[in-house]
Amino acid sequence: MKNAQHLKAYVQMHPDNKMAWYLLGKEYYKNGQYGKANYCYNQAGEVYEAFERSKVPADMLQQYEEGLLESARERQTARLRKRRVLLALMLLLLMLIPAAVAPGILPDSKGASAPVANISAVLPETAEETRVSPQEPASLDFTAVAADAAAGGGGLAAILKSAKTPSATALLGMKRSGKWLLWKKGLPLGATLAKSGEGRIVYQSYNPAACACQPPDSAELKQQGLGWQKQQEELAVLWSALRAYKSSKGAYPEAVQELVKPFPANVLGGITPLMKEAFAPLRRAARGEAPLFSASPQPSGGQDAGIPGQEQTGGGAPTAGPGEKLFFKEPLAIIVDKQNHRLAVTSGNVILRNYAVGLGGDKTPEGEFFIKDKVVNPNGRDNGEFGSRGMQLSDSNYAIHGTNEPDSIGKDESLGCIRMSRKDVEELFAMVPMGTKVQISQGVLPEELVVPEERFPSDSPRNQTNPHKVYHWLH
């Protein structure tokens with residue numbers, strides 16, 4: 001690890017030396033620190049690509065590395081001398097000036113002493129004196145990234161390069177599953193980023209194994225993260241409803257109540273207090289009257305994207321608080337996997353829900369559809385063959401609906417429709433607006449379920465029934 005330490009010191013002094021970044025990455029890789037290695041390889045850019053794909057003699061690389069190490073050792077020796085002199089001066093001052101507060105402790109508003117949690121610097125690791133205290137909770141923002149990005153991978157580099165990195169950001173880690181990122185309730189806190197007084201970005205890992213440290217207490221941040229996730233789901237539903245309404249009507253709704261009209265104009269099953277508050281700023285952003293501010297870049301389909309996708313410019317809507325900065329800018333979509341008997345609600349490459357469903361094997365068609373009708377208690381019953389909710393697929397005789405045969409979930413026993421358990425279909429009905437795209441195919445979703453214990457609010461008004469029609473879906 002000594003070589004890694006010297007190379008870190010060198011890249012601190014010469015951050016534009018891509019060869020040094022490449023060699024540092026190889027040192028990390030040899031020591032099993034793959035997240036840090038990936039970060040360095042990203043910094044190395046074309047040098048990494050050139051040397052990994054070509055057969056460069058090992059002795060040439062070794063000779064170059066020895067030159068860098070020698071230069072780094074000389075600088076470190078000079079720094080150590082300087083630090084010893086400074087330490088001696090500080091000891092002298094401490095003997096002359098009595099300490100008012102113990103080291104590492106700051107007085108709180110009542111005059112009592114309170115511990116300060118420090119944030120470790122981002123790679124390359126900086127000296128102890130560059131650490132800063134975290135920002136106040138009011139200035140803290142949240143975002144969700146791939147878990148390996150929160151641990152310091154390439155996705156972290158993308159966050160750091162973003163001009164929109166706030167004064168302090170908490171990174172929640174999403175598990176990877178193939179090309180997908182799984183949005184589960186209670187995402188673990190991976191790290192925090194903060195800007196120091198000098199404008200430098202510093203990084204605090206909350207994974208003791210990853211940082212080889214004892215992280216600060218994270219209970220309060222985790223609780224805030226839960227609230228942020230709940231808000232982001234509600235905003236995603238509202239944003240998708242606005243886009244669906246515009247696609248159907250040619251203009252955005254003037255009031256939020258237009259989204260929850262009686263059947264057949266019930267774009268949404270219901271609205272929450274947050275959705276009422278966020279309607280006006282999101283509508284302005286959708287109409288282009290105000291920029292759409294995102295707490296993180298936009299989801300994309302690439303498996304190697306450490307965070308969901310493309311950055312938006314501008315900032316301002318909505319601005320009421322961290323929870324009202326839109327994370328999911330891609331409209332919600334439904335994907336059905338006939339092979340794994342799964343139905344997922346997605347935004348970009350993030351899976352918000354992944355339910356078990358019953359299908360009809362070859363009788364269930366493949367292709368692209370959209371939600372045409374959304375009806376509560378199809379055929380006037382909540383315990384009939386279609387359960388308590390039904391969503392018709394385009395102009396077909398197929399639908400996503402509940403069932404009075406719960407044992408058929410996970411099997412091919414329907415005549416072609418997509419069967420769901422009562423809780424699942426009621427939550428899906430509440431989350432996806434009319435007009436939502438539905439893609440039915442095979443082998444595209446993970447088997448791992450993404451179904452929270454606390455469901456999305458799913459109470460729907462009775463005026464979303466349709467007593468004037470008898471449905472004959474191929475259940």
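1. Basis of the note. This is a predicted model, in which local features need pLDDT of at least 70 and side-chain atom pairs count only at pLDDT 80 or more, while totals for chains, interfaces and linings use all residues. Residues are numbered from 1 along each chain as its sequence is written, and side-chain values use heavy atoms, with hydrogens and water left out.

2. Overall content. The chain has 11 helices and 15 strands; helices (H or I, at least four residues) and strands (E, at least two) are DSSP runs, numbered from the N terminus. Of its 475 residues, 48% count as buried. Buried means under 20% relative accessible area, exposed means over 50%, and partly exposed lies in between (1.4 Å probe, protein chains only). Among contacts in the chain with a separation of 6 or more, 67% come from residues 24 or more positions apart, a contact being heavy atoms within 4.5 Å.

3. The pair α2 and α3. Two packed helices are described by the angle between their axes and the distance between the axes. Helix α2 (residues 18-30) packs against helix α3 (residues 34-44) at an angle of about 165 degrees, and their axes are 8 Å apart. Axes are lines fitted to C-alpha atoms, for helices over the stretch in contact, and angles run from 0 to 180 degrees between N-to-C directions. Helices α2 and α3 are therefore roughly antiparallel to each other. The classes are as follows: angles under 35 degrees count as roughly parallel, over 145 as roughly antiparallel, 65 to 115 as roughly perpendicular and the rest as oblique. The crossing of α2 and α3 is left-handed; this term applies if the near helix is turned anticlockwise from the far one by less than a right angle, and right-handed applies if it is turned clockwise.

4. Residues between α2 and α3. On the α2 side, the contact is made by Lys18, Trp21, Tyr22, Leu24, Gly25, Lys26, Tyr28 and Tyr29. On the α3 side, Tyr34, Lys36, Ala37, Tyr39, Cys40, Tyr41, Gln43 and Ala44 take part. The residues of this contact of α2 with α3 divide into 11 nonpolar, 2 polar and 3 charged. Here Ala, Val, Leu, Ile, Met, Phe, Trp, Tyr, Cys and Pro count as nonpolar, Asp, Glu, Lys and Arg as charged, and the others, Gly among them, as polar.

5. The pair α9 and α10. The axes of α9 and α10 come within 10 Å and cross at roughly 50 degrees. That makes α9 oblique to α10, and the crossing of α9 and α10 is right-handed. Gln231, Glu234, Leu235, Val237, Leu238, Trp239 and Leu242 of α9 meet Leu274, Met275, Ala278, Phe279, Leu282, Arg283 and Ala286 of α10. The contact of α9 with α10 comprises 11 nonpolar, 1 polar and 2 charged residues.

6. The loop between α9 and α10. Pro264 lies in the loop between α9 (219-249) and α10 (273-286). A cis peptide bond joins Phe263 and Pro264, with omega about 10 degrees.

7. Ser240. Ser240 is found in helix α9 and is buried, with a relative accessible area of 3%. Ser240 and Lys329 are 89 residues apart in sequence, yet 8.4 Å apart in space, C-alpha to C-alpha. Residues up to four places away in sequence not being counted, Ser240 touches Pro331, Leu332 and Pro433.

8. Helix α11 and Val451. Helix α11 (residues 422-431) is mostly covered, as 8 of its 10 residues are buried; Asp424, Glu426 and Glu427 are among them. Val451, in the segment after β15 (437-441), is partly exposed at a relative accessible area of 32%. Val451 touches Asn354, Tyr355 and Asp424, not counting residues up to four places away in sequence. The C-alpha atoms of Val451 and Arg353 are separated by 5.8 Å, and these residues are 98 residues apart along the chain.

9. Positive phi values. Asn379, in the loop between β11 (367-376) and β12 (389-393), has phi near 60 degrees, a positive value in a residue other than glycine. Asn379 is partly exposed, with a relative accessible area of 30%. Ser394, in the loop between β12 and β13 (399-401), has phi near 50 degrees, also a positive value in a residue other than glycine. Ser394 is buried, with a relative accessible area of 14%.

10. Cysteines. The structure holds 0 disulfides, a disulfide being a pair of cysteine sulfur atoms within 2.5 Å. Cys40 is buried, with a relative accessible area of 0%, and Cys417 counts as buried at 0% relative accessibility.
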